[in-house]
Amino acid sequence: MIETVCFDNEAVVILDQSKLPDEVAFRPCHTPEEVAEAICSMKVRGAPLIGVVAAFGLALGMRRFNGSAAELYDYFYSIKEMLASTRPTAVNLFWALQRMEKLYLQHRQEPAHVLGDLLLNEAEKMRQEDIAINQAMGENGQALLSPGARVMTICNAGTLATCGYGTALGVVRSAARRNKIDMVWVCETRPVLQGARLTVWELMQDNIPVTLITDSMAGYTMQLGRVDAIIVGADRIAANGDTANKIGTFPLAVLAHYHQIPFYVAAPLSTVDLSLPDGKAIVIEERHQDEVRRCSHGYVTVPEVEVFNPAFDVTPQHLISAIITEGGIITAPFAEGLKRLKEGR
Ligand code: MRU
């Protein structure tokens with residue numbers, strides 16, 4: 001399993017996903033600013049992964065700090081705010097930074113080098129926990145699939161979006177290990193092409209059968225009767241189950257409903273945000289207009305055209321058949337199950 005993030009030689013080393021599938025390139029980030037830039041520019045992306053990368057960025061900042069003890073508190077919060085301002089939708093980013101903050105506050109009387117070690121250990125713990133969580137999610141979720149399953153997915157919710165194994169692709173992986181997967185239909189996922197560039201690459205590395213389609217081909221593929229289930233990841237799940245995920249997820253859920261195909265969301269409990277009653281309050285990131293104007297090597301339109309480029313959409317809970325978590329599978333009504341699992345009951 002390829003390593004998407006690690007800490008080595010006083011740098012946060014990330015697999016630079018902007019280079020895939022052409023090149024497998026690892027990039028050391030030597031400062032928290034470089035870590036923040038890597039998240040903003042989507043060199044690392046995927047909800048669970050950006051949380052862990054930000055945690056490593058905070059630890060890196062602490063280890064590099066060389067000011068006075070009196071300046072440490074403000075420094076910690078300036079780095080935390082910088083990392084938190086990178087991307088607004090995936091709650092895992094804020095969840096991870098809050099977990100680091102809690103540890104910092106418990107030990108804030110310690111000198112910076114001790115805090116640096118403590119925070120680094122915590123980030124590494126999160127990294128390892130994430131892999132174990134995904135494996136548990138995969139085990140839980142694979143039970144929903146029957147032998148011969150043809151699964152559709154969008155974006156990349158795999159190893160590349162996590163510290164390993166993946167969420168939606170973790171379920172696919174666990175099912176594939178039981179020889180249950182006949183095909184994974186991968187939507188290309190315009191405008192950033194996470195499906196075409198990342199999910200296809202990742203599944204082919206594992207010899208899992210994959211077919212690429214453009215996003216507009218999803219409905220016809222379902223109409224032909226070639227899809228048995230849709231499995232997607234999530235960036236934030238509100239208390240009632242409404243789910244923000246990559247733009248294009250909501251139309252897949254509508255199409256699945258029309259064709260009576262089960263629509264599953266696979267996400268760790270750190271993606272559940274009980275502070276939001278429903279999806280209306282989820283902040284949807286809007287990214288640069290050039291992501292839509294351009295495709296790979298150049299413009300595909302008139303360069304001056306106005307563009308709307310939301311990076312995520314929200315799927316209403318009534319279109320979701322089940323939410324797969326490390327703690328178990330939740331079905332409607334979601335509110336009670338999400339609260340119970342999130343609170344560890
Ligand atoms: O903009 P991205 O590539 O960070 O969006 C990623 C997604 O939408 C994923 O489906 C989601 O983060 C879940 S990843 C396990």
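Residues are numbered from 1 along each chain as its sequence is written, and side-chain values use heavy atoms, with hydrogens and water left out. Because the model is predicted, local features need pLDDT of at least 70 and side-chain atom pairs count only at pLDDT 80 or more, while totals for chains, interfaces and linings use all residues.

On a 1 Å grid over the protein atoms alone, a cavity is a set of points where a 1.4 Å probe fits but cannot get out, and a pocket is an open set with protein on both sides within 12 Å along at least five of seven lines. Lining residues have an atom within 4 Å of a point. Grid points are joined across faces, edges and corners, and a volume is the space filled by probe spheres set on the points.

How many cavities of 30 Å³ or more does the whole structure hold? The search finds two. Elements here are DSSP runs numbered from the N terminus: helices are H or I with at least four residues, strands are E with at least two.

By class, the lining of the largest cavity has 14 nonpolar, seven polar and five charged residues. Nonpolar means Ala, Val, Leu, Ile, Met, Phe, Trp, Tyr, Cys and Pro; charged means Asp, Glu, Lys and Arg; the others, Gly among them, are polar. Domain 1 (5-134) and domain 2 (139-342) each supply at least three residues to this lining, with bounds from an automatic or database domain assignment.

The second largest cavity has a volume of about 60 Å³. Its lining includes Thr189, Arg190, Lys246, Arg287 and Glu291. The classes there are five nonpolar, three polar and four charged residues.

Now the open space. The largest pocket has a volume of about 670 Å³. Of its 24 lining residues, Ser18, Pro191, Val192, Arg197 and Ser296 are the closest to its centre. α7 (194-205), α10 (290-293) and β12 (294-295) are the elements that give two or more residues to that lining. The count by class is eight nonpolar, six polar and 10 charged. Where does the largest pocket lie? Domain 1 and domain 2 both give residues to its lining, so it lies between them.

Back to α2, for its packing. The axes of α2 and α3 (residues 69-84) come within 10 Å and cross at roughly 150°; axes are lines fitted to C-alpha atoms, for helices over the stretch in contact, and angles run from 0 to 180 degrees between N-to-C directions. That makes α2 roughly antiparallel to α3, the term for angles over 145 degrees.

Last, the backbone. Most residues other than glycine have a negative phi, and most peptide bonds are trans. Leu20 and Pro21 are joined by a cis peptide bond, with omega about 5°, and Pro21 sits in the loop between β2 (11-15) and β3 (26-29). Another cis bond joins Ala332 and Pro333, with omega about -5°; Pro333 is in the loop between β16 (328-330) and α11 (334-342). Asn179, although not a glycine, has a positive phi of about 55°.

Technical notes. Parallel < 35°, antiparallel > 145°, perpendicular 65-115°, else oblique.
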